[in-house]
Amino acid sequence: MLTKRIIACLDVRGGRVVKGVQFVDIVDAGDPAELAHRHAAGGADEIVLLDITATHEGRGTLLDTVTRTAAKLFVPFTVGGGVRTAEDAAAVFDAGADKVSINSAAIARPELIGEIGASFGAQAVIVAIDARRGALGVEDAEVFVSGGRKATGLRVVDWAREAEARGAGEILLTSMDTDGMRSGFDCELTAAVSAAVQIPVIASGGAGSAAHFVKVFGRGKADAALAASIFHFGVTDSRELKGELQKAGVSVRLPC
Amino acid sequence: MIAVIDYRAGNLTSVVKALNYLGARDVVVTQSPEVVRQADKIVLPGVGHFQSTQLLKDLGLTEATREKIAEGVPFLGICVGLQWLYEGSTEAQATEGLCHFASQCERFPATYEGAGLKSPHVGWNSLESIRKDSRLLRGVADGAFVYFTHSWRAPVSQDTAAVTNYGGAFTAVVERENVMGVQFHPEKSADVGLRVLKNFVEL
C-alpha cells in the first residue's frame with residue numbers, strides 16, 4: 001500500500017538552516033548537510049531544502065550547499081529557491097537534487113513548469129504555493145510569492161489546477177496562517193486543493209504534534225506532510241512520529 | 001566496467017553516486033555503443049518520457065545492448081529503463097521498446113474499485129510476492145518499502161520478481177536470468193534500495 005510521506009524541510013539562509021514563525025522571526029537551526037542526514041537516519045521519507053531568501057535577494061540557489069547535502073543522501077531530495085529558468089533547474093539537478101520546487105518564478109512565467117518537465121520529467125517539478133486566507137473561506141485563499149511578501153491576487157485552488165495542467169508533478173501547499181505556529185495544518189485548505197487536482201499534495205505549515213499529521217492525512221486528504229521546526233529541535237523524529245501515526249491507523253513506511 | 005547509459009532522460013547523478021558509494025569501480029556514463037560493448041554490466045536509468053528512449057535506437061545503443069544481453073552481461077533498467085525492456089508503452093506508441101519481455105506498459109487507471117486514483121504514483125510503497133530465486137532481491141523481504149514515481153507501469157507476468165499494489169498489482173521488479181528491471185528508484189530507496197544495487201554490483 002502506498003504510504004503517507006513524512007518530509008523534513010530545511011529552510012536555508014546564507015548556508016545555514018533557519019526557522020521562522022509565520023515567515024518571520026528567524027532563528028538558527030544548524031548545518032544543512034548534517035541536518036539532512038540526521039533526518040534521513042531518523043526515518044524521514046524525503047528531504048526538502050528551500051533557500052528561503054534566494055528570490056527575495058535575487059541570487060541563485062546555493063549549489064555548493066546542495067552538492068554537499070546530496071552527497072550521501074539516498075532518499076528523495078528536493079531543492080527550491082532561486083530556480084527561475086530551466087537552466088537553473090538543470091544546475092540544481094546536476095548538484096544532486098531529484099526534484100525542484102518552484103514558486104515565485106512559476107507565477108511570473110507559468111511556462112517554466114512545462115519547460116523543466118520536458119527535460120527532467122513532470123515528477124521532478126514541484127509547484128510550491130504559499131497561501132493566506134486569514135478568516136476567509138478556503139475558496140478565497142490567496143497565493144503569495146517572494147517568501148510571502150507579495151500578494152498575487154490569484155486564488156489558491158485555481159492556481160493549483162493551472163499548475164497541474166501545465167505539468168506539475170506535485171503541489172507543495174504551505175499555509176502562511178499556520179506556518180511555524182505548531183497549532184496544526186490547515187486541513188480545510190489542504191482538502192480543497194487535494195480534491196481539485198489529481199497529483200499528490202504535500203501539506204505544510206503548522207505541524208506541532210502527531211495528531212496534527214493524523215488530521216491532515218485524514219480530513220486534509222494530504223498525500224504527504226512536511227515539517228521543519230518540530231524535527232530540528234529534537235521534539236520528535238520521523239520514526240517516533242510514524243509510530244504514533246501507525247497506531248492511529250495511518251499507513252506509513254515503518255520500519256524505516 | 002559498469003556502463004550507465006545516458007539518453008538525456010532526467011539526471012543520472014543519483015544513480016552514479018549510489019553505485020560509487022557501494023564501491024563499484026569504473027562507473028562510466030556513456031552514449032557510445034562502443035563503450036557499452038566493452039561493459040561488464042549495463043545500467044539504464046531514466047525518469048521522464050518513454051519517447052526519450054527513441055534516442056537509444058538512433059544512437060545504436062539498442063543494438064549494442066541487445067548483443068551484450070545475449071552474451072549474458074547483467075543489465076539493470078530503472079523506472080523508464082524497466083519499461084523499455086517491454087514491447088513499448090502507451091506513453092509513446094511510435095517508440096519501440098527492446099521487446100525482451102512481452103506486452104505493453106500502460107498508464108494507471110483514473111479510477112480503481114470505484115475510487116479516484118491519483119497519478120503519478122509517488123512515494124514509498126511495498127514490494128510483495130518476492131520471487132525466492134531473484135538474485136536482484138536477495139536479502140530483501142516481502143513488505144520492504146521502496147520509492148516510486150511514475151505514471152506508466154508494466155503488467156504482471158511470469159518474469160515478475162516482485163509486485164507492488166497501486167490500482168491493482170503491477171511489476172515492481174522483473175528478472176529473467178541476466179536481464180533485470182526495477183520500476184522503483186533504488187538510488188532513492190534508502191537501505192533497501194542500496195541493497196538491491198549492491199546485489200547487482202556483486203553479480
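Is B:Asn178 buried, exposed or partly exposed, and how many other C-beta atoms lie within 10 Å? B:Asn178 is partly exposed, because 18 other C-beta atoms lie within 10 Å. By definition, a residue with 20 or more such atoms within 10 Å of its own C-beta is buried, one with 12 or fewer is exposed, and one in between is partly exposed, with C-beta atoms placed from the backbone.

Colleagues, a word on conventions. This is a predicted model, in which local features need pLDDT of at least 70 and side-chain atom pairs count only at pLDDT 80 or more, while totals for chains, interfaces and linings use all residues. Residues are numbered from 1 along each chain as its sequence is written, and chains are lettered from A, and ligands numbered from 1, in the order in which they are written.

I return to B:Asn178, which sits in the loop between β13 (169-176) and β14 (179-182) of chain B. Helices (H or I, at least four residues) and strands (E, at least two) are DSSP runs, numbered from the N terminus. Leaving aside neighbours within four places in sequence, B:Asn178 is in contact with B:Ile69, B:Gly72, B:Val73, B:Pro74 and B:Phe75; contact requires C-beta atoms, placed from the backbone, within 7 Å.

B:Gly72 follows α4(B) and has a positive phi, near 100°. In that helix, residues 61-71, the buried residues are B:Leu61, B:Thr62, B:Ala64, B:Thr65 and B:Lys68. Viewed down the axis of α4(B), they fall within an arc of 160°, so they line one face of the helix; the arc is that of the directions from the helix axis to the C-beta atoms. These buried residues pack against β1 (2-5), α2 (33-37), β3 (41-44), α3 (54-58) and β4 (75-78) of chain B.

Next, the sheet. Seven strands of chain B form an open sheet in the order β2-β1-β3-β4-β14-β13-β12, with mixed pairing. Two strands pair if DSSP finds at least two bridges between them. At the edges stand β2 (27-30) and β12 (160-165) of chain B, each with a single partner strand, so one side of each has no neighbour in the sheet. Within the sheet, β1(B) and β3(B) pair in the parallel sense over 3 bridges, and B:Ala3 has B:Ile42 in β3(B) as its bridge partner.

Finally, the interface: 29 residues of chain B are in contact with 25 residues of chain A. On the chain B side, β9(B) gives the most, with 6 residues.

Notes. Two residues are in contact if their C-beta atoms, placed from the backbone, lie within 7 Å.
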